[in-house]
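User: Hi! I am new to reading protein models. Could you walk me through the spaces inside one?

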Amino acid sequence: MSDFKPAILSRYFVTAIGTDSGKTLVSAIVCEALRADYWKPIQAGLPRDTDTVKSLVSNEKTQFHPEAYLLNTPASPHAAAKADGVEISMTMIKLPQTNNCLIIEGAGGLLVPLNDYDFVSDLIIEFKAEVILVANLYLGSINHTLLSAEYLKAHKVPVAGIIFNGPSNPESEQIITAKTGWPVLLHIHQEEKIDKETVKKYAAQLNKNWK
């Protein structure tokens, strides 16, 4: 059982060990579990992750806040911004006003660049958010997960725990949890269909772990 218990008006930043790791699905599950608000500060390309999360969340309390940057090209934020003729500025990315818990979904992994100076990880530090790290299990994921963990620890970023995504790999999961010391909040298995019922199922598991 996880030691992690969500706090009132907390901010959780969903990041991952790489691109297409399952951040959007995890964000939907956490929003459903906590009845939390959702925000994607930077969207690069379509479909909009905000629209995807909106289509998967059932509760009526979740509010969806507009992106600070909505970019056209499906690429790293700094490259997508350049293609659109803009430059991403940290000063233009303001936390939305809400009296609810807020789930913030990042772009790619921790060291994805926003511009020539700032990374996704700088947003986490700026927002004083607690990280939920999504780790999908593939050949090489141990290295990518532990490198992400070392970076977060070196920068003293608080981490709520890990969510594994994909077919179970006990050997990989064991070494990752042993080396990070972080709780496993959830394991999302390969699903034939991702819909509201799937999200509600995992949200119930997540809430059970947190109690």
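**Reading a cavity and a pocket**

Analyst: Happy to. By class, the lining of the largest cavity has 6 nonpolar, 1 polar and 2 charged residues. Here Ala, Val, Leu, Ile, Met, Phe, Trp, Tyr, Cys and Pro count as nonpolar, Asp, Glu, Lys and Arg as charged, and the others, Gly among them, as polar. This is a predicted model, in which local features need pLDDT of at least 70 and side-chain atom pairs count only at pLDDT 80 or more, while totals for chains, interfaces and linings use all residues. Residues are numbered from 1 along each chain as its sequence is written, and side-chain values use heavy atoms, with hydrogens and water left out.

User: What is the average pLDDT of the protein?

Analyst: pLDDT is the predictor's confidence in each residue, from 0 to 100. The protein averages 93, and 95% of the residues score at least 70. Over residues 1-5, though, the pLDDT is below 50.

User: How do I read a cavity, and which residues line the largest cavity?

Analyst: On a 1 Å grid over the protein atoms alone, a cavity is a set of points where a 1.4 Å probe fits but cannot get out; a pocket is an open set with protein on both sides within 12 Å along at least five of seven lines; lining residues have an atom within 4 Å of a point. Grid points are joined across faces, edges and corners, and a volume is the space filled by probe spheres set on the points. In this model the largest cavity holds about 40 Å³ of space. Lys-40, Pro-41, Ile-42, Glu-105, Gly-106, Ala-107, Leu-114, Val-120 and Leu-123 line the largest cavity.

User: Which element gives the most to that lining?

Analyst: Helices (H or I, at least four residues) and strands (E, at least two) are DSSP runs, numbered from the N terminus. β6 gives the most, with 3 residues.

User: Which strands pair with β6?

Analyst: Two strands pair if DSSP finds at least two bridges between them. Strand β1 (residues 11-16) runs parallel to β6 over 5 bridges, with Ala-16 bridging to Gly-109. Strand β2 (residues 37-39) also pairs with β6 in the parallel sense, over 3 bridges.

User: And how much space lies in the largest pocket?

Analyst: About 430 Å³. Its lining has 23 residues, and Thr-19, Asp-20, Lys-23, Lys-40 and Asp-49 lie nearest the centre. β6 supplies the largest share of this lining too, 4 residues.

Terms used
Contact = heavy atoms within 4.5 Å.
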